[in-house]
Amino acid sequence: MANITKKVSWSSRADESGPAGEGTPLLNGSEQPRLSRQCIHAQSVNITVCVLFQSLDYDNIENQLFLEEERRMSYMGFRCLEISRWVVCGLIGFLTGLIACFIDIAVEELAGIKYQVVKENIEKFTEVGGLSISLLLWAVLNSAIVMGGAIIVAFFEPIAAGSGIPQIKCYLNGVKVPRVVRLKTLMVKVFGVICSVVGGLAVGKEGPMIHSGAVVAAGVSQGRSTSLKRDFKIFEYFRRDTEKRDFVSAGAAAGVSAAFGAPVGGVLFSLEEGASFWNQMLTWRIFFASMISTFTLNFFLSIYHNNPGDLSNPGLINFGRFQSDSVAYNLYEIPLFIAMGAIGGLLGALFNVLNYWLTIFRIRYVHRPCLQVMEAMLVAAVTATVSFTMIYFSNDCQPLGPEHTEEYPLQLFCADGEYNSMATAFFNTPERSVRSLFHNQPGNAVLNYNPLTLVSAGVFIPSLLIGAAWGRLCGILLIWADPGKYALIGAAAQLGGIVRMTLSLTVIMVEATGNVTYGFPIMLVLITAKIVGDYFVEGLYDIHIKLQSVPFLHWEAPATSHWLTAREVMSSPVTCLNRIEKVGTIVDTLSNTSTNHNGFPVVTNNTVSQRTKLCGLILRSQLIVLLKHKVFVELARSRLTHRKLQLKDFRDAYPRFPPIQSIHVSQDERECMMDLTEFMNATPYTVPQETSLPRVFKLFRALGLRHLVVADDENRVVGLVTRKDLARYHLGKHGLEELQLAQT
C-alpha cells in the first residue's frame with residue numbers, strides 16, 4: 001500500500017442518520033437540512049465520496065421464491081411480459097411527449113403575454129420619455145416569475161433544481177438518489193422550468209425534459225404512484241431495480257427525443273451518457289419510446305399551431321432548415337473547424353471551471369432557501385437590465401418587410417418601417433434566439449451569461465447561445481464565409497466542450513438541422529472539443545457528480561490499480577447472520593446505527609469443524625419485510641392456515657421499505673427463530689482474496705452488483721466489497737490516491 005497517496009479520510013458513518021436510504025444526501029438539495037450540512041462540510045474539506053449514499057440492486061435476487069415464480073411461468077407468460085415492456089415504453093414516450101407539449105405551449109403563451117406587455121410599454125414611453133419605467137417593469141416581471149419557480153423548487157423539492165441529468169446518470173449507474181424519480185419532483189420540475197424560461201433567464205427546457213422523461217418512466221413502469229398512494233395492480237413484475245433501470249433509460253431517451261426531435265440521438269444519448277447497462281432488445285424498446293415521444297409532441301403541436309397533421313418540425317428546439325448553398329463546405333475549411341473545436345474545448349473548460357467555483361461559493365454561502373430565491377430574483381433582474389441596455393444602445397435597424405417572421409418587432413429609435421434587430425434576440429424564447437443566430441442576416445450578436453441558480457433549467461440552450469454567438473462572429477470576420485454555418489459549428493463546439501458528448505451530440509445536431517451534410521464537420525468539432533477540454537477539466541456533469549461526493553463508478557478501474565487485491569479493498573469484519581437466526585439478533589443488527597449495513601452474508605455452522613461457511617446473502621429490505629409479516633418458525637408451526645410469504649409481498653413494499661423503527665417486535669417474539677433459507681440469495685457472487693482490483697471492479701460494474709462477498713479457500717466470509725470500497729481509489733495528481741474510510 002506504500003505506493004498509494006492517502007489523500008484524505010472519508011466522512012463518518014453518521015451514526016444518527018438512521019437506516020440506509022432514510023436520510024441520503026441529495027444532488028442539488030437535501031431531504032434533511034442536518035444531512036445536507038454534513039455533506040457540505042465534507043466538500044469543504046475535499047472529501048471525495050460520501051458514505052451516506054446507498055446503492056441500487058441491479059442484480060436479481062435469485063432466492064427460492066424468485067426461482068419458483070420463474071419456473072412456473074410458461075413460454076406465453078414470458079411473451080406477455082415482453083409485450084408489456086413494449087407497452088410500457090410506448091406509454092413512456094406518449095406521456096413524455098405530452099409533458100413536452102404542455103411545457104412548450106405554456107412557455108409560448110406566457111412569454112407572449114409578457115413580451116407584449118413590455119413591448120407596448122416601451123413603445124409608449126419611447127414617445128413621451130421615461131424608459132426607466134419600462135426597464136423597471138421588465139425587471140419586476142422577470143423577478144416575480146422567476147421567484148415563483150425558485151420558491152417552489154427551494155422550499156418544496158430541491159432535487160428538481162438544474163437539468164437533472166447528473167442525478168439520472170447517478171441513478172442509472174446504480175446510486176440511489178432519493179426523491180429523484182418522484183411524482184412531486186416531476187410537478188415541481190415542470191412548473192420550475194416554465195417559470196425559468198418565461199422569466200427571461202437564458203436557460204432551456206431541453207435538459208429538464210430528460211429528467212422529466214425518467215420520472216415518467218419510473219412511475220409508469222411500476223403501475224402505481226407511491227406519492228398518491230394509488231396502486232393500479234398492473235406491471236407488478238417490474239417492481240424491482242433491474243426492470244426500473246431499463247425503463248428509466250427509455251424515459252431519458254424519450255426526453256431527448258422530445259427536446260430535439262431526435263429519436264436516434266435520444267437512443268445514443270441514453271447509451272453514451274446515461275445507461276450503464278445495455279442489451280440489444282433494450283435498444284429497440286428505447287428507440288420505440290423515442291419515436292412515440294417525438295410523434296406525440298409533433299402531432300399535438302401541429303394542432304396548436306393550426307396545422308393538424310404537419311409533422312415537419314419536431315422537437316422543442318429546431319435549428320431550422322439550412323439552404324443547399326449555405327451547407328456546402330470545402331477542404332480548406334476543415335482546419336478552421338478543428339480550430340473552432342479547440343476554441344470550444346478551451347471555452348468549455350473555462351465555463352466548467354467557473355461553474356465549479358461558483359457552485360462551491362453557492363454551497364458555502366447561498367445554502368439557505370430564502371437566499372437561493374433572492375439569488376434567482378437578482379439574476380432575473382440583472383438579465384432584464386442587461387437585455388434592456390443592449391437594446392437601448394443598439395442601432396442595428398433592419399427593414400420590416402411584409403413577410404417578416406418577428407413576433408414582437410420593436411421600433412424604438414429606428415425609422416418607420418424598421419425594427420431593432422437586437423430586441424428580436426431578447427424578445428424571444430431562448431430557442432428562437434438560437435435559431436435567429438443561425439439564419440438571420442449578419443449583424444446580430446448575443447452575449448449570454450448564465451450563472452447557476454436554484455431553478456429547473458438546463459445548460460443546453462446557454463451553451464448553444466454562447467457558441468452560436470462567437471461562431472457567428474467568426475463567420476462575420478471571415479468575409480467570404482456564411483455566418484450561419486459557422487454559428488452552427490460554434491454552437492456544437494461550445495456544447496461539446498461543456499458536456500463532452502460526441503456520438504449522441506453529433507446525431508442530435510444533425511437531426512435538429514435536418515441536413516446530414518454537416519455530419520462530418522460537427523463530428524470533427526466535437527471530438528476536438530472533447531480532447532482539448534478533457535486535458536484541462538472533466539465534463540460539467542461529471543464535475544457536479546464529484547461535487548456531491550457520489551460514489552460513481554466509471555467504466556474501468558484506475559489504470560494503475562492492478563497490484564491491489566480484494567483483500568486490501570474489502571470492508572471487514574462483516575456482520576453475518578445464521579441461516580436460522582434469532583429474531584432479537586436480527587432486530588438488534590438492523591437497529592445498530594453504527595453500521596447501517598444493507599447486505600448480510602448468511603452462514604451455516606459446520607458441526608464437525610465448528611467453522612462457518614457462506615450459504616447465501618440477504619438484504620436489509622428483505623429482513624424488514626420478514627419482520628413486518630412476522631415470518632417466524634414458531635408461528636409457522638402453530639398456524640395451520642399460515643399464509644406463505646410470496647414475492648408480491650416484497651414488491652408491494654418496494655421501493656419505500658419501512659424503517660426498522662416502525663416494526664414492532666414484542667419481547668416474546670424476540671425469542672423466536674427466523675429461517676432465512678427460502679428468502680436469501682443462495683448463489684451470491686464471490687471472489688477470492690487475491691483477486692485484483694480491476695477484475696473485482698469489472699465484475700462489480702458489469703453485473704450491477706451491490707455487494708460482492710470475499711471468501712477464503714474454505715468458503716468462509718472474510719470481507720465484503722461495496723460500491724464505496726471501489727470508489728475509494730481514483731487517479732489524482734500524484735497517481736493512485738486512496739480515501740480511507742472511517743469506521744466510527
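## Close-up views of a predicted model

**View A. The hairpin of strand 14 and strand 15.** Five residues lie between the two strands of this hairpin, and Asn 715 takes a positive phi near 65° there. The model is a predicted one, in which local features need pLDDT of at least 70, side-chain atom pairs count only at pLDDT 80 or more, and totals for chains, interfaces and linings use all residues. Residues are numbered from 1 along each chain as its sequence is written, and side-chain values use heavy atoms, with hydrogens and water left out. Strand 14 and strand 15 pair in the antiparallel sense over four bridges, where two strands are said to pair if DSSP finds at least two bridges between them. The strands (E, at least two residues) and helices (H or I, at least four residues) named in these legends are DSSP runs, numbered from the N terminus. Within this pairing, Ala 711 has Val 717 in strand 15 as its bridge partner.

View B. Three strands form an open sheet in the order 13-14-15, with mixed pairing. Its edge strands, each pairing on one side only, are strand 13 and strand 15 (717-721). Neighbouring strands of this sheet are turned by 35° against each other on average, direction ignored. Strand 13 pairs with strand 14 (residues 708-711) in the parallel sense over three bridges, and Thr 686 stands opposite Val 709 in strand 14. Helix 26 packs on the sheet and touches strand 13, strand 14 and strand 15, its direction making about 145° with that of strand 14; such angles run from 0 to 180 degrees between N-to-C directions, and axes are lines fitted to C-alpha atoms, for helices over the stretch in contact. Four of the five residues of strand 15 are buried, a word that means under 20% relative accessible area, with exposed being over 50% and partly exposed in between (1.4 Å probe, protein chains only).

**View C. The surroundings of Gln 689.** This residue lies in the loop between strand 13 (686-688) and helix 26 (693-703). Gln 689 counts as buried because its relative accessibility is 18%. When its neighbours within four places in sequence are left aside, the residues in contact with Gln 689 include Thr 565, Arg 567, Ala 711 and Asp 712, contact meaning heavy atoms within 4.5 Å.

View D. Strand 10 and strand 11 run antiparallel and are joined by seven bridges, and Leu 614 in strand 11 is the bridge partner of Val 603.

**View E. The buried residues of helix 21.** In helix 21 (residues 583-591), the buried residues are Val 583, Gly 584, Ile 586, Val 587, Thr 589 and Leu 590. Among the elements that cover these buried residues are strand 10 (599-605), helix 22 (620-628) and helix 25 (667-670).
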